[in-house]
Structure formats: C-alpha cells, structure tokens
Amino acid sequence: MVQKLKLEELNRIDVETFKKVDKVPVVIILDNIRSMHNVGAAFRTADAFLIEKIILCGITPQPPHREIHKAALGATESVDWSHGPDTNTAITDLKSKGYEIIGIEQTTDSQLITDFIIDKSKKYALVLGNEVEGISDEVLPDIDVFLEIPQLGTKHSLNVSVCAGIVMWEFAKALK
C-alpha cells in the first residue's frame, strides 16, 4: 500500500547546509510585485530549486512580514535576498558580473521558453514583473532576451508566482 512520506523521511537539508551547497546560477529579480503571497511563493520555489538569490525591487514587499512568511514557510531564511530601489540598478550590477538578463514577458521580441537554449556556461537573471503591468517599461531596454511560457487556453497570462515556478524549474533543470 502506498503511503505518503513523513517530513523526517524526506531528508531535506537544513538552512546552514543550504547556505553552503552550490546553487543554480540564477538570480530572480522581482520588479514591483505587489502581493506578499507572490513574494513568499517565489522564495519557497527558489529554496526548492537551489536558486542563488532573489532581488526585490521597487515596491516589492520585503521580509520579515507575516503574509510573506505564510507562503515562504521559512525560505526567507535560506534563500539569499536583497532589496533595491529600482530594477535597472539591479540589472546593471548583474550585467557587470556576467549575468544574461532574461525578461519573462510577452513582447514583440519574445520567444517561447520551450525554444530557448539554456547555456550551462552562463549565469542568468530572470526578471518577473508586476501582476498587472508586467515588467516596468523603463526596464525593457536593459533586458537581453524575452521569454514567454506557452499558453494554450483562453487566458493571456499566468499568476506571477506560477510563472516564477515554471521558469525557475526550467532553468534549474537545465543548469543543475
């Protein structure tokens, strides 16, 4: 008979070990995200896939906060993060460190994530935009490549936390 595993049977690493293990060379940039639930969910997913860091930009809420913690379940303690007043500064800094900047956005120049070749020799920064407005217009010129997730139904967008989970998995799977 199949049984669910108990938490202690999952053999998860502790925060101290998480800090020491090699990370997937991906930084997540949250550009003016409004929802604390979406921020917390991004942290929890980043923890699950050993993402290097999250940068919270603009109005994106910061830990510690009860609403972020409800979704993050402690991942704000394991995943490195910082806050910056604007996304362009974060992008400029990451470009100077050799990161390719990937905007997750439907644009006139975007390609499907399924068609994008993730290069194991590169480091990536994935920019996720506001729940209503998407990536800020002033940020678009600083982005190297735009990717979008194929959608086959009637809706034209995904919740940003769902989108974050899909793109983090695609990059973690290819780079780990």
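Modeller: Let's start with a term: contact means heavy atoms within 4.5 Å. Helices and strands here are DSSP runs numbered from the N terminus (H or I of at least four residues for helices, E of at least two for strands). The model is predicted, so local features need pLDDT of at least 70 and side-chain atom pairs count only at pLDDT 80 or more, while totals for chains, interfaces and linings use all residues. Numbering starts from 1 along each chain as its sequence is written, and side-chain values use heavy atoms, with hydrogens and water left out.

My pick is helix H6, residues 160–175. Several H6 residues are buried, including Val160, Cys163, Val167, Met168, Phe171 and Leu175. "Buried" is under 20% relative accessible area, "exposed" is over 50%, and "partly exposed" lies in between, using a 1.4 Å probe and protein chains only. The cover over those buried H6 residues includes helix H2 (36–48) plus strands E1 (24–31), E2 (51–57), E4, E6 and E7.

Zoom in on serine 161, which sits in H6. Serine 161 counts as buried because its relative accessibility is 14%. Skipping neighbours within four places in sequence, serine 161 is in contact with His37, Asn38 and Ala41. With asparagine 38 there is also a side-chain to side-chain polar contact at 3.4 Å. That term covers a pair of N or O atoms within 3.5 Å; within protein, one must be able to donate a hydrogen and the other to accept it, and residues adjacent in sequence count only if both atoms are side-chain atoms.

Now for the strands. Seven of them make an open sheet, ordered E3-E2-E1-E6-E4-E7-E5, with parallel pairing; two strands pair if DSSP finds at least two bridges between them. The edges are E3 (80–84) and E5 (111–112), each pairing on one side only. H2 packs on this sheet by touching E1, E2 and E3, and its direction makes about 165 degrees with that of E2. Those axes are lines fitted to C-alpha atoms (for helices, over the stretch in contact), and the angles run from 0 to 180 degrees between N-to-C directions. Six bridges join the parallel strands E1 and E2, and isoleucine 29 has isoleucine 55 of E2 as its bridge partner.

E4 (residues 99–104), another part of the cover over H6, is itself mostly covered, with six of its six residues buried. In a regular strand, side chains alternate between the two faces of the sheet. In E4, Tyr99, Ile101 and Gly103 point one way, while Glu100, Ile102 and Ile104 point the other. E4 pairs in the parallel sense with E6 (residues 123–128) over five bridges, and glutamate 100 is bridged to tyrosine 124 in E6. With E7 (residues 145–148), E4 also pairs in the parallel sense, over three bridges; there glycine 103 stands opposite phenylalanine 146.

Leucine 50 has a positive phi of about 55 degrees although it is not a glycine. Its 18% relative accessibility is why leucine 50 counts as buried.
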